[in-house]
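User: I'm new to reading protein models. Could you walk me through this one, feature by feature?

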Amino acid sequence: MKSTFYTAYHAPAPLIESPSVQPIHVGRALAKEPLADMIGDDTGVHMSAQNPAYCELTALYWAWKNDDASTHIGLLHYRRLLDLENT
């Protein structure tokens, strides 16, 4: 089993460091330039250009259509995190 938490970024910010967290640039099809060190939601099967209407859901759609390696997929926002340290 492999779990991946995709963390949606739309602006430059510190990356979350974790083996289970994969940063993804949402709305990258409309961006002036890609954010560094992350995948974009504009590759493979995607709806990146619809990000203004669907926000972070473009990342979830991308993961559903393109991540064949993960058995469990989660979605986070880079400014809204879960703290699972003491669970």
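User: Let's start with D37: is D37 buried or exposed?

Analyst: Here's the general idea: buried means under 20% relative accessible area, exposed means over 50%, and partly exposed is in between (1.4 Å probe, protein chains only). D37 has a relative accessible area of 67%, so D37 is exposed. Before we go on, note that this is a predicted model, where local features need pLDDT of at least 70, side-chain atom pairs count only at pLDDT 80 or more, and totals for chains, interfaces and linings use all residues. Residues are numbered from 1 along each chain as its sequence is written, and side-chain values use heavy atoms, leaving out hydrogens and water.

User: What about the phi of D37?

Analyst: Most residues other than glycine have a negative phi. D37 isn't a glycine, yet its phi is positive, about 65 degrees. You'll find D37 in the loop between β2 and β3. Those labels come from DSSP runs numbered from the N terminus: helices are H or I with at least four residues, and strands are E with at least two.

User: Where does C55 sit, and what is its phi?

Analyst: C55 is in the loop between α1 (51–54) and α2 (57–66). Its phi is positive too, about 50 degrees, although C55 is not a glycine. At 41% relative accessibility, C55 is partly exposed.

User: Now the sheet. What is the order of its strands?

Analyst: The rule first: two strands pair if DSSP finds at least two bridges between them. Here that gives an open sheet of four strands, in the order β3-β2-β1-β4, with parallel pairing. The edge strands are β3 and β4 (72–77), each pairing on one side only.

User: How many bridges join each pair, and which residues can I look for?

Analyst: Go across it pair by pair:
- β3 (residues 39–40) and β2 are parallel and share two bridges; look for I24 opposite I39 in β3.
- β2 and β1 (residues 3–9) are parallel, with five bridges; look for Y9 and its partner H25 in β2.
- β1 and β4 are parallel, with six bridges; look for S3 opposite H72 in β4.

While you're there, α2 packs on the sheet and touches β1, β2, β3 and β4, its direction making about 160 degrees with that of β4. Contact means heavy atoms within 4.5 Å. The axes are lines fitted to C-alpha atoms, for helices over the stretch in contact, and angles run from 0 to 180 degrees between N-to-C directions.

User: How many residues of β2 are buried?

Analyst: β2 covers residues 21–25, and four of its five residues are buried, leaving the strand mostly covered.

User: How many salt bridges does a search of the whole structure find?

Analyst: Side chains of opposite charge can pair when their charged atoms come close. The cut-off for a salt bridge is a side-chain nitrogen of Lys or Arg within 4 Å of a carboxyl oxygen of Asp or Glu. The search of the whole structure finds one: R28 with D42, whose closest N and O atoms are 2.8 Å apart. The pair links distant parts of the chain, 14 residues apart, with R28 in the loop between β2 and β3 and D42 in the loop between β3 and α1.

User: And D42: how accessible is D42?

Analyst: D42 has 26% relative accessibility, so D42 counts as partly exposed.
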